[in-house]
Structures are given as structure tokens and as C-alpha cells.
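Biologist: I have a model on my screen and would like to learn how to read it. Can we go through some features one by one?

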Amino acid sequence: SDLIDDFRAASQKSDDDEKKKNYFDENDYDYDDDDNAIDDYDGDGNGGTNSSFLDKARWLFRNIILSSSNHRHQIRAEPIPLTEHSTLQSTSRIHKKTKTTTPTTTKSKPKSKLEPSIPPLSLSIHLLLFAYFSSSTILVGIQYSPKHAEAIYGAAPLGCVSLATLLGIIMNLRDYQRRRFGIFQRVMYTSSTILFLFGCLVLLLLYGHDHGHGQLSKVDMTTCIMLAVYALLAFVECRICHYPMEEDDDDDDTINNTTATANKKKRKAKLTTSALLTILKPYFWPHATSTSATLNRVRAISTWLCVLLSKVCSIGAPIFIGKASTALTRLEYGQAMWYSVYYAGARLGSMVFNECQGLLYLFVAQAAFVELSEVTFEHLHSLSLDWHLRKKLGETIRSMDRGIGACDSLMRYLFLYLMPAVGE
């Protein structure tokens, strides 16, 4: 009786009444404006009360759902499996026209007004730089004129720069719209230009006074200016151009909003800079754990100090052995002996500081592991109950453990081995 009362209340709406009329018309059922047609329906289209109560309940449930105003999108009523003696006709389906909407399109807005002009400008400057450096490499190599013969920035570094500009031209042509201009490309681009400029300045400052009575040649000055332009171009291009993740993945400038939203959902979550700094902070400035915060911070600072002193000793050892060899050729045996002692002390200091760094880092890694575990534990318990019910906590906790272990691997290989080795 409750089902029938609900159906009567829903059938008073005109649009729902029309749906019921269409349903009965398609199945050749008799339909009246009053609600007595519901009582006359027996589930097999013949009228009467031959069907079971379960069949009637199923039929009423489906029609209540179809009559609901909350289901106004495309509705397709599938046949309901009934008993053998009371089965609805297979053609009893209600179709509703789907509202077809034209997908709205949005164009990817540039980061600034200068972004559209960056690709042609970059290509033009690369062509100009390649022409200058390649011609300068040939002229300095053959010593075309006295100015080229006195150039401090020789043919070898000029050839490296010309090769770099040629690779820049190729990359400009292959990725003209900067769709693959990511973080790795930006780091390599800017670091190479800064390295060329820094190397040129060092050569000019160290050896500039030995040639031309303290004045630089026009070739070196022009080369330095060109390298400065190259570095400035790299900085401006990396600053203005979009990152690939900020743009849409379609080939055209116009995209479907639904497709763009789906693509964004499929992308994995990206670790932000603030989150990365939060993760790495315990390795540089830890808080209190089982020991005091001061002791943990002294250990962390001592670790990085040992890394620095170890590399300083590694760099100073060859200098001392070189001075010892020079003193030995001049028959200055006392100086040669002392430089040999300094060399041995530098080598010993490098190994001692390296071992101390490894010993101190064990305590730093333990304190960082405890602090990161507490942070993730508190964050996990601050989430809602719905999140815990929807997620598989076993896999989540294992992923968090692997993430904490990955932080230790990142610090060990990047900050303790790779970066000090590159600086050395």
C-alpha cells in the first residue's frame, strides 16, 4: 500500500504522467487518467490480478524510479526478470531523448603576452649565435688575424658552444610550441649557458692580464657578450614559457572540457616544492626525538661539515703533491718533504672525514626517520573516516614506508654522493 501511495503522489506531475502514458502505449496497455490502471495491471499486459505480489512490487519500483524528477538524463529501462508465467514483453523500453550539448571549447591562455613571440625569437638568436661561434671557431683555429691569434677563449671552447647552439636549433625545430619543455630541459638549458659564460669569465680574469698588456681583445669581448646574451635568452625563455603539465594534451588549441577534466584526473599527484622541503627538512634541521633537538642539529650540521672538509682535502691533495714534485726538481728536499707530509695528511683527512660523515649520518637518518614517521602517522589519523573506509590501509601504509625509505635514498645518493662529487 505504501508503494501504491508513493506512485500515486508521483503520478500527479504532468511530465511523469506523460511518461506513464508512453509506457502503456508501447505495450498496448489500457490507461486511464485515474490511478485505477495501476491496480488493474497484472505484470503481463492482460489486466487482472493473476501475477504475484513480488512482480507487482518490482513493476512499481521501476516506475517510481522512472517518474522521479531527479533522473531526467538518459533513461533506458531494462527488462525485469519475472516468473515464467508473468514476463513483460521484451520490447517494453522507455526512451528519453538525450539532451545534446555542444561541447564548449577553451583556448589555452599564454602565461604572458610575450610567450607567442618566444619561439621565433629563440630560433633567430640561436641561428645568429651558431653562425658567430662556428665562424669564430674556424678563424681562431687557423689564427686568421693577430686578434684571433691573441684570443684567450680558444677554438676548443668555441667549438663546444657552437655545438650547443646547434643542438638548441634542433630542439627549437622539434619542439617549436614548447610542449615538451619540462623541468629537465630547463635545468640542462640554463646550466649549460651559465657554465659557458662562467668558464669564459674565469679564463678572461685569470689569463687576461698575460695577453695584450692587460686589455682584452675584441674577439674575447664579443664572445663574452654573446655568451651573456645566450644565458639571458635561456633565463627569459624558462621564465616565460608554460610548463607542459599546465597545458592541455590535445593537438589543437581548442579542447573538450570533459576530456581535459578526465585527463587531469588520470594524472598522478605531483609533489609540490613546499612538500618536498617539508620532507627533506629533518635531514638538515631536525627536531627533538628520543634525544634533544640541539644534539640532533649538531649531528646534522657536523655531517655536512664533514662532507665539505672531505672534498676540500681531496682537492688539496693533488696540489701538495704537485708542489712537492716541483720542489724536488729544484733540489729543495726540505720543501719537498714537507709538501709530501701535507699530501699524506690531506689524503688521510679526506678518508677520516668521509668515515665520520658516514658515522654521523646514521644518527641523522634515524632521527629523520622517526620524525617523518610521526608526521605521516599524524596526517593519516587526521583524515576522515570515509577516507579510511574507501582506501586499502595496508597498501597505503606500505607505500608510506617505501616513501620514507626513498627519502633516505634521495639524501644519501644526491646530497652525500652525487652533488659533492660534481662540485669536486
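Predicted model: local features only at pLDDT ≥ 70, side-chain atom pairs only at ≥ 80, totals over all residues.

Biologist: At what angle do H5 and H9 pack?

Modeller: Helices here (H or I, at least four residues) are DSSP runs, numbered from the N terminus. Axes are lines fitted to C-alpha atoms, for helices over the stretch in contact, and angles run from 0 to 180 degrees between N-to-C directions. H5 (residues 118–142) and H9 (residues 218–240) pack at about 155°, with axes 11 Å apart. That makes H5 roughly antiparallel (over 145 degrees) to H9. The crossing of H5 past H9 is left-handed, meaning that the near helix is turned anticlockwise from the far one by less than a right angle.

Biologist: Which residues of H5 and H9 make the contact?

Modeller: Contact means heavy atoms within 4.5 Å. H5 contributes residues including Ile125, His126, Leu129 and Phe133. Among those from H9 are Met226, Leu227, Tyr230 and Leu233. By class, this contact of H5 with H9 has 14 nonpolar, four polar and one charged residues. Ala, Val, Leu, Ile, Met, Phe, Trp, Tyr, Cys and Pro count as nonpolar, Asp, Glu, Lys and Arg as charged, and the others, Gly among them, as polar.

Biologist: Is histidine 126 buried or exposed?

Modeller: Buried means under 20% relative accessible area, exposed over 50%, partly exposed in between (1.4 Å probe, protein chains only). Histidine 126, in helix H5, is buried, at 1%. Leaving aside neighbours within four places in sequence, histidine 126 is in contact with Thr165, Gly168, Ile169, Asn172, Tyr189, Tyr230 and Leu233.

Biologist: How do H7 and H9 cross?

Modeller: Their axes come within 13 Å and cross at roughly 30°. H7 and H9 are therefore roughly parallel (under 35 degrees). H7 also passes H9 in a left-handed crossing. Leu158, Val161, Ala164, Thr165 and Asn172 in H7 meet Thr223, Leu227, Tyr230 and Glu237 in H9. These residues divide into five nonpolar, three polar and one charged.

Biologist: What does alanine 155 touch?

Modeller: Alanine 155 lies in H7 and is partly exposed, at 29% relative accessible area. Not counting residues up to four places away in sequence, alanine 155 touches Thr137, Val140 and Gly141.

Biologist: How far does H12 reach?

Modeller: The expected span of a helix is 1.5 Å times one less than its number of residues. H12 (residues 293–329) has 37 residues and reaches 54 Å from its first C-alpha to its last, close to the 54 Å expected.

Biologist: What about phi?

Modeller: Most residues other than glycine have a negative phi. Glutamine 143 has a positive phi of about 55°. Glutamine 143 sits in the loop between H5 and H6 (146–149) and is exposed, at 51% relative accessible area. Arginine 178 also has a positive phi, near 60°. Arginine 178 is in the loop between H7 (155–174) and H8 (183–207), but is buried, at 5%. Leucine 331, which follows H12, has a positive phi near 65°.

Note on methods
Residues numbered from 1 in each chain as written. Heavy atoms only, no water. Helix = DSSP H or I, 4+ residues; strand = E, 2+ residues; numbered from the N terminus. Parallel < 35°, antiparallel > 145°, perpendicular 65-115°, else oblique.
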